[in-house]
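Trainee: Hi! Could you walk me through this one? I'd like to learn how to read it.

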Amino acid sequence: MCQGYKRSLKLQESGIFALLLMVLEWAQPGLPSPLRPICDLRALDLFIKEAQKAEDAMRSCKDACTLTEPLTVPQPSVDYNVWKRRDMEQQAQEVQSGLWMLNQAINSLKTSINNTVLLSHIDNSLGNIISIGQVLRSLSFQEYTPSATASGSTETWRVSSASALFQVHFNFLRGKVRLLLSHAPVCQQGVS
Amino acid sequence: MPVCGVKVAWWLSVHVGFLHLFYGEGSQGFQSKVKLLLESDPANPKCFLELDKKLTCFWEEMGENGTANQYNFHYTYQVSSPIGSQDSGTCNVSSLSVGGRRNISFSQMSRVIFYVPLDVYVSQNGRVIHQRSLYMDQVFLLDPPKNLTVQRTANPAQLRVSWVSPDFIDDGLMYEISYAITGSLMGKVEKVPTKTRVLLQGLQPGASYTVRARAKPVGLSFSGTWSPWTPPVFIETSPIDMDPLILSLGLTISLIFLLLSLTVFLSHRRFLLKKVWPIIPTPENKFPGLFSVYGGDFQEWMGNSSEGLRWIPAHCCTEERPSPLEVLSEVSVPPPASSHTENIKNPSPEAERGTREEGNTNRSSRHPADGDSATWWRSPSHEEWLMAQLRELQHHPRLFSPPSLLESQDAYVSLDQSSQQPEEETEAAALDDIMEETVPMQTLFAGMGAESSDLGSIQQSSGSGQLSSQSSFEYPNHTWPPKGPGYTYMAVADSGISMDYSPMSSSRIADLRIIPGPTYTNLYKNNVPTHKQRPFVGQPINSR
């Protein structure tokens, strides 16, 4: 009788252990914890101001900053009514693909520009783009990885100079990106 | 979607002059905005984006009124890739009168694209007169805030202001509340970010205030210029309501303080008055009648007033009028065998004064029965000695030495204390030292008539009193008339303080009894001789 009791106890222990494992597997605690939503737009405003400074700096560079081949950049223009009619996912998608395009384009400038001041602006802009990506992720937007074919679906522009590129970069940040972040549903919950 | 024109398309065919009607309710707001920008915006053309996303660009018409100015309005988006057919185009131009003689022409674009530079051109007769590059998201001109309400609070110096934000696509609006006392040019402005209410503080209670509000979008996404002011709201702040408790407390405290200060003042009023109104000393009480009667004329006052005599201070004339006094002889106490010559003259009758007397001197001139036995002045012996001196004078009139002139001013009497009786030496010796100064000098004066004064000299046997009161006497004449019955003798007892004169007649010299006559006591001043010991020389003094 005691032996039977011991055996049932063991079964119970192993059962509990298995159950625990299953629960843990399902909860996936190994994944990184979700970021706290960054609803404060002051960081983005700082990036936007820095992008404006970069655009002003690039305006002085005309000849040296002319690109050999045009770059694909997101379209910064926003028709507000049209924009409003789009749902949040589409907006997020458009923002993320645009950021990716800008990242590519600014990165390609590194090879052709030698000025240290301009290079610092370039590096700063690249870092800011990455930070904005983090903010987007914190706001629980679906991550969207643009593919090569996706560049045709969204409206894009082609620029031929660094100053035009940074102008698009500046306007894109203060336009679409900011509109998206300021109307993020995660941040709207506590706001009256 | 048309880029230009207004949404209400059926107004397009309206004549230019009636264009201002079709805006309807918004015409007032439109006109106010146009006026606002006409004053504040230096750019040309002046563009603003309204709430329903109409971009209006206007410019002031130049030239004479009435002529049809042909303007063309052209726009271009700066795009790196063509957006479409709407990247550039032209829009109609309309005209509007904004009051006075000012007219504007304007053009409107209903399709609004943000975050893309827009270039606008205004051309007249084929020539571009105005050009501008702008962002549509940066030229917002909102309507003024709505429902501006001002309320009083419990604090009379505060007002609570609240309003409703104008319609806008974004939340980030900055508000400005302007408040000023009605009629005053100086006002304050309170900037209120985002919130739609504010508490105005530091106001004047019981005053009428004018409050206005306006709004502006601020931010990186959207920005613009200040909206027109709301219609002013007039409100009066509540007057200061004095708490009755505080009032009564304050009154009580002030009353108590007043009473206290009054008490202090009354108790120290003399001191305070002296401090505030110091008494200026005047000499009026010392000069009675000088100011009141004679008006300050001192000479008159001295001449006319009998009181002036009294004003003579006591120390001025302590000395009486010098009275000529002849001392005929000074009787020195040593035995009559010395070479004393005594001249006795008539003393001055003026020497009379009631003064204090030494008991001793009185005793010496009075009846022996009056004296007591306290001193060495044995009256009988004293009188005997006096008589003896007199007798000697009579017998030896020539024994006086030629006179020597002395100063008449000096009056000195030397006290001789060795004129004691031998039998009284033991007794007197003990008292000598003590009574040295008080030993009166006995001087015999003999009055001989008024017509002559003789010179005489009296030698003083010894005069070593420390206090020597000296009188100088003059003896103008040399001769000494013999004694006769006309002589009146006066015994002078000088106590150092007073001199007692007792007249004696010659006929009674033999008579040892001396009639106690009137005693004349003089006070005189003791002048201590300075350096030389002058022999006492008695000189007759004119007794006149």
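This is a predicted model: local features need pLDDT of at least 70, side-chain atom pairs count only at pLDDT 80 or more; totals for chains, interfaces and linings use all residues.

Trainee: What do the side chains of Arg59(A) and Glu55(A) form?

Mentor: They form a salt bridge, with 3.0 Å from N to O. Side chains of opposite charge can pair when their charged atoms come close.

Trainee: Nice. How many salt bridges are there over all chains?

Mentor: The whole structure has 17 of them. Between chain B and chain A, the count is 2.

Trainee: Which residue of chain B does Asp79(A) form a salt bridge with?

Mentor: Its partner is Arg111(B), and the closest N and O atoms are 3.6 Å apart. As for polar contacts, 6 residue pairs link chain B and chain A, both residues being at pLDDT 80 or more. On the side of chain B that touches chain A, you'll find 12 nonpolar, 5 polar and 4 charged residues.

Trainee: And how many residues are in contact between the two chains?

Mentor: There are 21 residues of chain B in contact with 21 residues of chain A. The size of an interface is often given as the accessible area lost when the parts come together. Here the buried area is about 1800 Å², and carbon and sulfur atoms give 54% of it.

Trainee: Which three residues supply more of chain B's buried area than any other three?

Mentor: Those are Ser80(B), Tyr115(B) and Leu220(B), which supply 37% of the area that chain B buries against chain A.

Trainee: Now what about strands within chain B, say S11 and S12? How many bridges join them?

Mentor: There are 5 bridges between S11 (residues 146–152) and S12 (residues 159–164), and these strands are antiparallel. Lys146(B) has Val164(B) as its bridge partner. A hairpin of 6 residues connects S11(B) to S12(B).

Trainee: Changing topic: what does UniProt list for residues 245–266 of chain B?

Mentor: The unreviewed UniProt entry lists them as a "transmembrane region". In the model, that stretch of chain B is 100% helix and 0% strand. Its end C-alpha atoms are 32 Å apart.

Trainee: Thanks, that helps a lot!

Note on methods: Residues are numbered from 1 along each chain as its sequence is written. Chains are lettered from A and ligands numbered from 1 in the order in which they are written. Side-chain values use heavy atoms; hydrogens and water are left out. Contact means heavy atoms within 4.5 Å. Buried area is the accessible area (1.4 Å probe) that two parts lose on being put together, summed over both. A salt bridge is a side-chain nitrogen of Lys or Arg within 4 Å of a carboxyl oxygen of Asp or Glu. A polar contact is a pair of N or O atoms within 3.5 Å; within protein, one must be able to donate a hydrogen and the other to accept it, and residues adjacent in sequence count only if both atoms are side-chain atoms. Ala, Val, Leu, Ile, Met, Phe, Trp, Tyr, Cys and Pro count as nonpolar, Asp, Glu, Lys and Arg as charged, and the others, Gly among them, as polar. UniProt positions are given in the numbering used here, feature names are shortened, and annotations may be inferred rather than shown by experiment. Helices (H or I, at least four residues) and strands (E, at least two) are DSSP runs, numbered from the N terminus. Two strands pair if DSSP finds at least two bridges between them.
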